[in-house]
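Trainee: Hey, I've just been handed a new structure and I'd like a hand reading it. Can we go through it together?

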Amino acid sequence: MNQIELKKQVGERAAQYVEDGMIVGLGTGSTAEFFVAALGERVKNEGLQIIGVPTSDRTRNQAEALGITIKNIDDVAYIDVTVDGADEVDENFQGIKGGGAAHLWEKIVSSNSKRNIWIVDSSKMVKTLGAFPLPIEVIPFGSKHVVDKLVAAGYEPKIRREADGTPKLTHFHNYIIDLKVGSIPDPKKLGDELIHMVGVVEHGLFLDHVNTLIIGRPEGPQIID
Ligand code: 5RP
């Protein structure tokens, strides 16, 4: 099985966790897309009644096109379950997200969810986080100084850019800085350091977030609760 087939496998498996009447956080990315597609099938074929809370405009558009009822996070009291992908997951089930520049929105939705399910193909599983550049969402105003401070702290920051060279803007009109760290032996320490830098809105370290991890494997999905 290739990586795309494994993403499909876990997306479809996660859709089975959704029950009638649930409020469901809908993740962002190519793996989450398979989940939303499978959920759309259940809504169409089984008449499943759910409310979806998206984590990006991209996901909102996909879900709406599939006939899933959508609400904004501030229009629901809670979220029963959120299903999302990840860029890396370590041995302690800590993760990096934000490859799709949606980690702030994703973190707000996941932090208000009773249960978080991550769906990843097996290539995302690592011993120690950090090979994947860590995304940080920063306010554009003063962002040059945040970059300078990150350099002084020994990291390799790079503002994410569009093909035309302009900085990529998040949904909230902020910049993304990708931090080349190499290895993150203590994700909590790094997360604390980053979140206390003025101008940083949110980093892509998702610590103690996941309740159920579904890993795509050729022999079938591995589920860790
Ligand atoms: C978007 C994310 C995604 O969940 C993460 O990048 C994984 O994406 P994919 O499923 O396409 O590999 O955090 O901000």
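This is a predicted model: local features need pLDDT of at least 70, side-chain atom pairs count only at pLDDT 80 or more; totals for chains, interfaces and linings use all residues.

Trainee: Okay, how many helices and strands does the protein chain have?

Mentor: The protein chain has 6 helices and 14 strands. Its radius of gyration is 17 Å, close to the 17 Å that the globule rule gives for 225 residues, so the chain is as compact as a globular protein of that length.

Trainee: And what box do the C-alpha atoms fill?

Mentor: Roughly 55 × 35 × 35 Å, taken along the principal axes.

Trainee: What share of the residues is buried?

Mentor: Buried residues make up 47% of the 225. Also, of the contacts with a separation of 6 or more, 76% are between residues 24 or more positions apart.

Trainee: Let's talk sheets. What's the strand order in the open sheet of 7 strands?

Mentor: The order is β3-β2-β1-β4-β7-β13-β14, and the pairing is mixed.

Trainee: Which strands stand at the edges?

Mentor: β3 (69–70) and β14 (222–224). Each has a single partner strand, so one side of each is left without a neighbour in the sheet.

Trainee: What holds paired strands together, in general?

Mentor: Strands of a sheet pair through backbone hydrogen bonds, either parallel or antiparallel.

Trainee: Then in which sense do β4 and β7 pair?

Mentor: Parallel, over 5 bridges, with β4 covering residues 79–84 and β7 covering residues 113–121. For instance, aspartate 84 stands opposite tryptophan 118 in β7.

Trainee: What about β1 and β4?

Mentor: Those two also pair in the parallel sense, over 3 bridges.

Trainee: Why is β4 described as largely enclosed?

Mentor: Because 5 of its 6 residues are buried, β4 is largely enclosed by the rest of the structure.

Trainee: Is α4 mostly hidden or left open, and why?

Mentor: 7 of the 9 residues of α4 are buried, so this helix is largely enclosed by the rest of the structure. The buried ones are His103, Leu104, Trp105, Glu106, Lys107, Val109 and Ser110.

Trainee: Now α1 and α2: how do their axes cross?

Mentor: The axes of α1 and helix α2 (residues 30–46) come within 7 Å and cross at roughly 45 degrees. That makes α1 oblique to α2, and the crossing is right-handed.

Trainee: Which residues meet there?

Mentor: On the α1 side they include Lys7, Val10 and Ala14. On the α2 side, Phe34, Phe35 and Leu39 are among them.

Trainee: And at what angle do α2 and α3 pack?

Mentor: About 20 degrees, with their axes 10 Å apart; α3 covers residues 57–65. These two helices are therefore roughly parallel to each other, and their crossing is right-handed. The contact is made by Ala32, Glu33 and Val36 of α2 and Thr59, Gln62 and Ala63 of α3.

Trainee: Last topic: what is the phi of alanine 101?

Mentor: Near 65 degrees, a positive value in a residue other than glycine. Most residues other than glycine have a negative phi. Alanine 101 is in the loop between β6 and α4.

Trainee: Is alanine 101 buried or exposed?

Mentor: Alanine 101 counts as buried, with 21 C-beta neighbours inside 10 Å. Aspartate 208 has a positive phi too, near 55 degrees, and is found in the loop between β12 and β13. Aspartate 208, however, is exposed, with 10 other C-beta atoms within 10 Å.

Conventions:
Residues are numbered from 1 along each chain as its sequence is written. Two strands pair if DSSP finds at least two bridges between them. Helices (H or I, at least four residues) and strands (E, at least two) are DSSP runs, numbered from the N terminus. A residue is buried if 20 or more other C-beta atoms lie within 10 Å of its own, exposed if 12 or fewer, and partly exposed in between; C-beta atoms are placed from the backbone. The radius of gyration is taken over C-alpha atoms; the globule rule is 2.2 Å times the number of residues to the power 0.38. Two residues are in contact if their C-beta atoms, placed from the backbone, lie within 7 Å. Axes are lines fitted to C-alpha atoms, for helices over the stretch in contact, and angles run from 0 to 180 degrees between N-to-C directions. Angles under 35 degrees count as roughly parallel, over 145 as roughly antiparallel, 65 to 115 as roughly perpendicular and the rest as oblique. A crossing is left-handed if the near helix is turned anticlockwise from the far one by less than a right angle, and right-handed if clockwise.
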